[in-house]
Amino acid sequence: EDTLEEEPVMYIGLDSHGLVNTAPRYPVDTLLDLCTGSGVQALVASRYASQVTGIDVNPRALRFARFNAQFNNISNVTFIQGNLYQPLGKQRFDIIIANPPFVASPEQALRFRDGGDNGEIVLAEIITRAAAHLNANGRLHIVTDLVDVADYQRKLQHWWQGEPTDSLVLQTADRDAMLFAVPHVHQAFGQRFHDYNTELANWLDNLQQMPQPVAINFGYILIHCHTDKTRPSSYYTRTIHNPSQPIDTQVGDYFRQRQLINAPETQPLQLTINPHIRFRVDSDTCGITTDITLFSPTSAYYTHYQIDDTVFQTLQAIATRNISIVSSADIAKQPILLDLLHKGVLSLHKTSSFATSDTSIINLQASQPTSISGDCKSAPSPSAIQEQATATTPTCLSSYCR
Ligand SMILES: C[S@@+](CC[C@H](N)C(=O)[O-])C[C@H]1O[C@@H](n2cnc3c(N)ncnc32)[C@H](O)[C@@H]1O
């Protein structure tokens, strides 16, 4: 039975689509979908996990989720009502996936949206208690607003209560307080101007009460436990376009590359350029190169990167196989090479032997700026790889549900 007075069930939003497109799809036995809502994440996961459990506090959401499972003829998903991990006892899973209420909000009008004043009440609890519900080598995949994205390494260290992990935070573009608040305050019908202004002021005040001025980003937190006691936890953050097409393979590759970077020095590794990547070289009227840009016309996993000439030459050498076989020790000495690997521009693959002619890598130091007289501009900036922000961040339509 369904009545209009009950709280709304979350629509399939850009965050729902984004998590479906971003979370790596490893074939596993068990998967937990926290905050399941309509069940969208659980139902997609039922294709790669043998047994899926979906949990939500909202009983109406569970009716929608069960209907959606039946409608799609999916029988390996169980939906349970409850507060996060509470109905599970000590049960553990191979993957936990979550799209929690994550909006930093001065109100609790919508349970699927409002995540407390700083947006992190449910998020923090999910991460803090995750390790107790994950199997060895377990994985946690979350979509969320990122309140003060620069602080997430510290936040994750504080929240996470388990074994070492590799953590990847994917961010889109920052929204300032106004850009963030307006879509949440706007109502589709019957809103008086005075009420709109009062509500907007509440939302802006809420953000101003935070310890320091924040920009609110949107993105994904991906945490993979690892059992290699010889290496510590790692953290990396990078910019993507919010994906409307799958990027789960590239995200999965990031974690595989993390392991290869730590391969024994005796393991020969082949270095290749990701086939999605293209170069664009811009010159001024004097024929002097002004910008070299790396980009992908097809994959939302990449933004644009400005690179300097040294990096460009090295990438060309890799593309033409003049440099291809390396060891993990070579990589460790080269922060720029590491950054290109973490950004997915380069990939490592295990190979059988070192070929002596292949083993040297150009020393990838950032080059000095070249000053050029006359009207022509100077050569590309000395900073080796500049990641450019994406143009947009998904906007919430939740105010239409009120
Ligand atoms: C942003 S929606 C996500 C819905 C769906 N997973 C998706 O990706 O579209 C958040 C969901 O979390 C549920 N929720 C909020 N607080 C919760 C809690 N403490 N425990 C379980 N579910 C919760 C809400 O009822 C809502 O369905």
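## The hairpin

In this predicted model, strands E10 and E11 form a hairpin in which five residues lie between the two strands.

E10 covers residues 278-283 and E11 covers residues 289-295, and the two pair in the antiparallel sense over six bridges. Within this pairing, Asp282 has Asp291 in E11 as its bridge partner. As a general rule, the side chains of a regular strand alternate between the two faces of the sheet.

## Where the ligand sits

The ligand sits in the largest pocket, where 18 residues surround it, the closest being Ser16, Cys35, Asp56, Asn83 and Asn99. Sorted by class, the shell around the ligand holds eight nonpolar, eight polar and two charged residues.

## Polar contacts and cover

Which atoms of Ser16 and the ligand lie 2.6 Å apart? They are a polar side-chain atom of Ser16 and an oxygen atom of the ligand. Asn83 contributes an N or O atom of its side chain, which is 2.8 Å from a nitrogen atom of the ligand, whereas Val57 has a backbone N or O atom that lies 3.3 Å from a nitrogen atom of the ligand. On its own, the ligand has 600 Å² of accessible area, and the protein covers 95% of this.

Conventions
Residues are numbered from 1 along each chain as its sequence is written. This is a predicted model: local features need pLDDT of at least 70, side-chain atom pairs count only at pLDDT 80 or more; totals for chains, interfaces and linings use all residues. Side-chain values use heavy atoms; hydrogens and water are left out. Two strands pair if DSSP finds at least two bridges between them. Helices (H or I, at least four residues) and strands (E, at least two) are DSSP runs, numbered from the N terminus. A residue is near a molecule or strand if one of its heavy atoms lies within 4 Å of it. A polar contact is a pair of N or O atoms within 3.5 Å; within protein, one must be able to donate a hydrogen and the other to accept it, and residues adjacent in sequence count only if both atoms are side-chain atoms. Accessible areas come from the Shrake-Rupley method with a 1.4 Å probe; for residues, only the protein chains shown count as cover. On a 1 Å grid over the protein atoms alone, a cavity is a set of points where a 1.4 Å probe fits but cannot get out, and a pocket is an open set with protein on both sides within 12 Å along at least five of seven lines; lining residues have an atom within 4 Å of a point. A molecule sits in a cavity or pocket if more than half of its atoms lie within 2 Å of its grid points. Ala, Val, Leu, Ile, Met, Phe, Trp, Tyr, Cys and Pro count as nonpolar, Asp, Glu, Lys and Arg as charged, and the others, Gly among them, as polar.
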